[in-house]
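The exercises below are to be worked through with the sequence and the structure in view. Each task is followed by a solution that goes step by step.

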Amino acid sequence: MSATLNKYNVIHVSNEVLERISKKGEGHSYTVDMDLFYEDHIPVVAYLILKGSGKLVKKRRKDIPLGPGDLIGFLELMGHTPSIYGAQISHDSEVVFLDRSTVLEILEEESDQDLRSILSALLKKVS
Amino acid sequence: MHKKAEHNCSNCPSLTKGVFCSLGAEELKDVSDHKITNIYKKGQTLFVQGNHPFGLYCISSGNIKVTKIGADGKESIVRIATAGDVLGHRSLFTDQYYMATATALEDTKVCFLDKKFIMKVINDQPTVSMNIIEKLSADMGAAENKLSSLHQKNVRERLAELLLLLKESHGEKLEDGRTKIVIKLTREEMATMIGTANETLIRFISEFKEAGLIEQEGKIIIIKNEEELIDWANLSY
């Protein structure tokens, strides 16, 4: 059970963490390519890709591919910080959303101590 | 990551028109601490028709067009939301996906609160729920008026009515008595608002100008003769 943070602020979670987060948030299947959030915006929720693909985008820079297990926007949402990258999701992708209240519930009340520890540790890296 | 952004609700220029106007300093701070604030550039979308609803969007400044895509793929403007208005409030009380798309018409500052948080505020602060009900009622009234206009009025009357509505929401009184409508809408956008073709709208705008009801400064429309415009709108109240 693990989660790793890369230099683009993308958190890649293991299958076990993915399953546990999936139970907490609400899911949505995308039928068309779409912007999840824009460059320089604070995401309104965090997005965990369950199936399919996406990418981080920035003007005049190379796109950074995203895939299943990637959690994006989490640190920016909880830290109230605008994202350096925009994010797009591809059609036929499935995503679970985590809003701020749900994350705070996990951090404050969650009986799943492993999940709570992982999310707390990630947030400490940016606080 | 960028620098942490801070936006306090108590400094919001639209606080008195918004749903949180009745909250005390402490409650307002809770909202400020929880909300996410972004500036949407022209053309950027807050949410898209058919997508999962996340919560409530409060417009601090600027203008948002709310549009629906029909079966023929054509976009029609349902309404224009402006400073003090909220979006996504209907989705708070239903499990329906967004039934329209919200797009910034200009640089627009928007605050967002997730559904769980806003439902807690509604439970704790009945005045907030009353303010949301008031917004929903106003939306319903406007939708009923628009529906009856589309059924009962001709294009000339509908255009006159639209200009009067825009005057109410975005009008700026000039010293000489004229009223400037300070929102930049394309002719195509105006045409979809009254359910007509672009060419028809352009023809009627020319007619209104020739009759001395309005004039134009670039894309901005100025109302010259409001009384006559009311007459042309054939208002029943």
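**Exercise 1.** In this predicted model, determine how helix 5 (residues 155-170) of chain B is oriented towards helix 7 (residues 198-210) of chain B.

*Solution.* Begin with the axes of the two helices, which come within 10 Å and cross at roughly 75°. Angles of 65 to 115 degrees count as roughly perpendicular, and therefore helix 5 of chain B is roughly perpendicular to helix 7 of chain B. Next, look for the residues that meet: helix 5 of chain B brings B:Val155, B:Arg156 and B:Leu159, while helix 7 of chain B brings B:Thr200, B:Leu201 and B:Phe204. Sorted by class, this contact of helix 5 with helix 7 of chain B has four nonpolar, one polar and one charged residues.

**Exercise 2.** Decide whether A:Asn9 is buried or exposed, and do likewise for A:Asp40.

*Solution.* A:Asn9 counts as buried because it has 21 C-beta neighbours inside 10 Å. Then turn to A:Asp40, which lies in the loop between strand 4 (34-37) and strand 5 (46-51) of chain A and has a positive phi near 70°. With 16 C-beta neighbours inside 10 Å, A:Asp40 therefore counts as partly exposed.

**Exercise 3.** Describe the side of chain B that touches chain A.

*Solution.* The contact takes 18 residues from chain B and 22 residues from chain A. On the chain B side, strand 1 (36-40), strand 8 (108-114) and helix 3 (115-124) each supply at least two residues. By class, that side has seven nonpolar, seven polar and four charged residues.

Notes. Residues are numbered from 1 along each chain as its sequence is written. Chains are lettered from A and ligands numbered from 1 in the order in which they are written. This is a predicted model: local features need pLDDT of at least 70, side-chain atom pairs count only at pLDDT 80 or more; totals for chains, interfaces and linings use all residues. Two residues are in contact if their C-beta atoms, placed from the backbone, lie within 7 Å. Helices (H or I, at least four residues) and strands (E, at least two) are DSSP runs, numbered from the N terminus. Ala, Val, Leu, Ile, Met, Phe, Trp, Tyr, Cys and Pro count as nonpolar, Asp, Glu, Lys and Arg as charged, and the others, Gly among them, as polar. A residue is buried if 20 or more other C-beta atoms lie within 10 Å of its own, exposed if 12 or fewer, and partly exposed in between; C-beta atoms are placed from the backbone. Axes are lines fitted to C-alpha atoms, for helices over the stretch in contact, and angles run from 0 to 180 degrees between N-to-C directions. Angles under 35 degrees count as roughly parallel, over 145 as roughly antiparallel, 65 to 115 as roughly perpendicular and the rest as oblique.
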